[in-house]
Amino acid sequence: MILVLLGPPGSGKGTQAKRLSALRGWPQLSTGDMLRTAIAAGSKLGLEAKSFMDQGNLVPDSVVVGLIAERSSQADCKNGFILDGFPRTIPQAQSLDQMLTAQSRRVDKVLLFQIENEELVKRLSGRRVCSNCGSMYHVEFSPPKASGVCDKCGSKALIQRDDDQAAVIEKRLKVYQEQTEPLVKYYTDAKKLKTLDATLQPEQVEENLLKMLS
Ligand code: ADP
Ligand code: ZN
């Protein structure tokens, strides 16, 4: 199964990709995570990507297409994978189709996470992430048990992502609307798109998602 999770920043794609990956064994391929790993490692690619990301802009198509081409060719992707945050532009979707066609594979399903901008701003501005283990929190909706301490690993480094600052959030939502939303038509025309209500609790979204896959 090759699955694309499509939706605006903060719609919960990453959360669901992780759950589904654990449940079904398909690796989660998140271009956002790959880019942040490259930044943390201080690589040339990371350095180039950081300036785009900090301003809420997309990283050039060639960079993310390269990352996905490499990662998806690894052995653990043989039985399928979950794309989280890719493709984000029409050219990326076309490159993905070409790449998969060359391997006699194809995107099986695209799940669209539907949610209003107002709710996204609330989610993103309160989001905190453990810089040690990657666990996600929200200052209001899902705070850690002890204030400022990660439940999972005990680290006190709960930080706000640079691109979760208010000014950058607005920009990311605008970029989504302009560059990523055209993919809704692209995948509707390909008869692959299904829509999920992403305003529900994560457990409920997961249940609905599993139903759509069966
Ligand atoms: P979110 O979905 O919350 O915006 P991500 O972690 O998916 O978070 O992405 C963070 C940033 O990484 C994006 O704003 C963008 O700059 C860059 N990025 C991630 N995936 C892509 C992609 N497929 N194409 C271009 N840029 C990307
Ligand atoms: Zn942690």
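**Sheet, zinc site and loop residues in a predicted model**

In this predicted model, strand β4, which spans residues 109-114, pairs with β8 in the parallel sense over five bridges, and within this pairing V110 stands opposite L193 of β8. Both strands belong to an open sheet of five strands, arranged in the order β2-β3-β1-β4-β8 with parallel pairing. In general, the strands of a sheet pair through backbone hydrogen bonds, either parallel or antiparallel.

Helix α2, formed by residues 31-40, lies across β2 and β3 (81-84) and runs at about 65° to β2, whereas helix α9, formed by residues 202-213, lies across β1 (2-6), β4 and β8 and runs at about 160° to β8.

A zinc ion (ligand 2) is coordinated at 2.3 Å by the SG atoms of C130, C133, C150 and C153. Along the chain, these donors follow the spacing C-x2-C-x16-C-x2-C. For comparison, the ideal angle for four tetrahedral donors at a metal is 109.5 degrees. With a relative accessible area of 35%, C133 is partly exposed, and C153 likewise counts as partly exposed, at 33% relative accessibility.

Buried positions also occur in loops. P27, in the loop between α1 (13-24) and β2 (28-30), has a relative accessible area of 10% and is therefore buried, the cut-off for this class being under 20%. Leaving aside residues up to four places away in sequence, P27 touches S21, R71, D76, C77, G80, F81 and I82. The C-alpha atoms of P27 and G80 are 7.6 Å apart in space, although the two residues are 53 residues apart in sequence. D163, which lies in the loop between β7 and α7 (166-180), also counts as buried, at 10% relative accessibility. The side chain of D163 is joined to that of R161 by a polar contact of 2.9 Å, and, again not counting residues up to four places away in sequence, D163 touches M53, V168, I169 and R172.

Some backbone features remain to be described. Most residues other than glycine have a negative phi, and most peptide bonds are trans. The peptide bond from F86 to P87, however, is cis, with omega near 0°, and P87 is found in the loop between β3 and α5 (90-102). S104, which is not a glycine, has a positive phi of about 55°; this residue is placed in the loop between α5 and β4 and counts as exposed at 71% relative accessibility. K191, also not a glycine, has a positive phi of about 60°, and its place is in the loop between α8 (182-189) and β8, where K191 is exposed with a relative accessible area of 76%.

Methods:
Residues numbered from 1 in each chain as written. Chains lettered and ligands numbered in written order. Predicted model: local features only at pLDDT ≥ 70, side-chain atom pairs only at ≥ 80, totals over all residues. Heavy atoms only, no water. Donors = N, O, S within 2.8 Å, 3.2 Å for Na, K, Ca; no water. Buried < 20%, exposed > 50% of the residue type's maximum accessible area, 1.4 Å probe, protein only. Helix = DSSP H or I, 4+ residues; strand = E, 2+ residues; numbered from the N terminus. Contact = heavy atoms within 4.5 Å. Pairing = 2+ DSSP bridges. Axes fitted to C-alpha atoms, helices over the stretch in contact; angles between N-to-C directions. Polar contact = N/O pair within 3.5 Å; in protein donor to acceptor, adjacent residues only side chain to side chain.
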